[in-house]
Amino acid sequence: MGVVVIENVNVLNKSKKQCVICEQKKSEGIHLFEHFICEDCERQIVITDPNDLYYHYYLKKLRKIKLPTNN
């Protein structure tokens, strides 16, 4: 009987979070304050030209992210 090697076991333990841009649940991405941006949206934001129509879409979605306030 062969041995099965599982790589990247941490991937199995990652919880999925809802992306503030695409609103899909994904496990890979970045946290910006209390919000999550998935890896796919992060990549698209970085490569989108300011003259592209999607640029304004991303700006609108990113405006949901507010700086945390200290009480």
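From the N terminus onward, the elements of the protein follow the order α-β-β-β-β-α-α, a total of 3 helices and 4 strands. Helices (H or I, at least four residues) and strands (E, at least two) are DSSP runs, numbered from the N terminus. The model is predicted: local features need pLDDT of at least 70, side-chain atom pairs count only at pLDDT 80 or more, and totals for chains, interfaces and linings use all residues. Residues are numbered from 1 along each chain as its sequence is written, and side-chain values use heavy atoms, with hydrogens and water left out.

Of the 71 residues of the protein, 17% are buried; buried means under 20% relative accessible area, exposed over 50%, and partly exposed in between (1.4 Å probe, protein chains only). The protein exposes about 6,200 Å², of which carbon and sulfur atoms supply 53%. Accessible areas come from the Shrake-Rupley method with a 1.4 Å probe, and for residues only the protein chains shown count as cover.

Beyond residues up to four places away in sequence, Cys38 touches Cys19, Cys22, Lys26, Glu28 and Gly29, a contact being heavy atoms within 4.5 Å.

Lys17 is found in strand S1 and is partly exposed, with a relative accessible area of 33%. Although Lys17 and Phe36 are 19 residues apart in sequence, their C-alpha atoms are 6.8 Å apart in space. The side chain of Lys17 also makes a polar contact of 3.3 Å with that of Ser15. A polar contact is a pair of N or O atoms within 3.5 Å; within protein, one must be able to donate a hydrogen and the other to accept it, and residues adjacent in sequence count only if both atoms are side-chain atoms.

The structure holds 5 salt bridges, each a side-chain nitrogen of Lys or Arg within 4 Å of a carboxyl oxygen of Asp or Glu. One of them joins the side chains of Lys61 and Glu23 (3.1 Å, N to O). This pair links distant parts of the chain, with Lys61 in helix H3 and Glu23 in the loop between S1 and S2, 38 residues apart. Lys61 is buried, at 15% relative accessibility, whereas Glu23 is partly exposed at 41%. Glu23 also forms a salt bridge with Lys64, with the closest N and O atoms 3.2 Å apart; Lys64 lies in the segment after H3, 41 residues from Glu23.

A further salt bridge joins Asp40 and Arg43 (3.4 Å, N to O). Because they are 3 residues apart in helix H2 (residues 39-47), Asp40 and Arg43 are separated by about one helical turn. Salt bridges that share partners join Lys26, Glu39, Asp40 and Arg43 into one network.

Most residues other than glycine have a negative phi. Glu23, however, has a positive phi of about 65°, and Phe33 has one of about 60°. Phe33 lies in the loop between strand S3 (29-32) and strand S4 (35-38).
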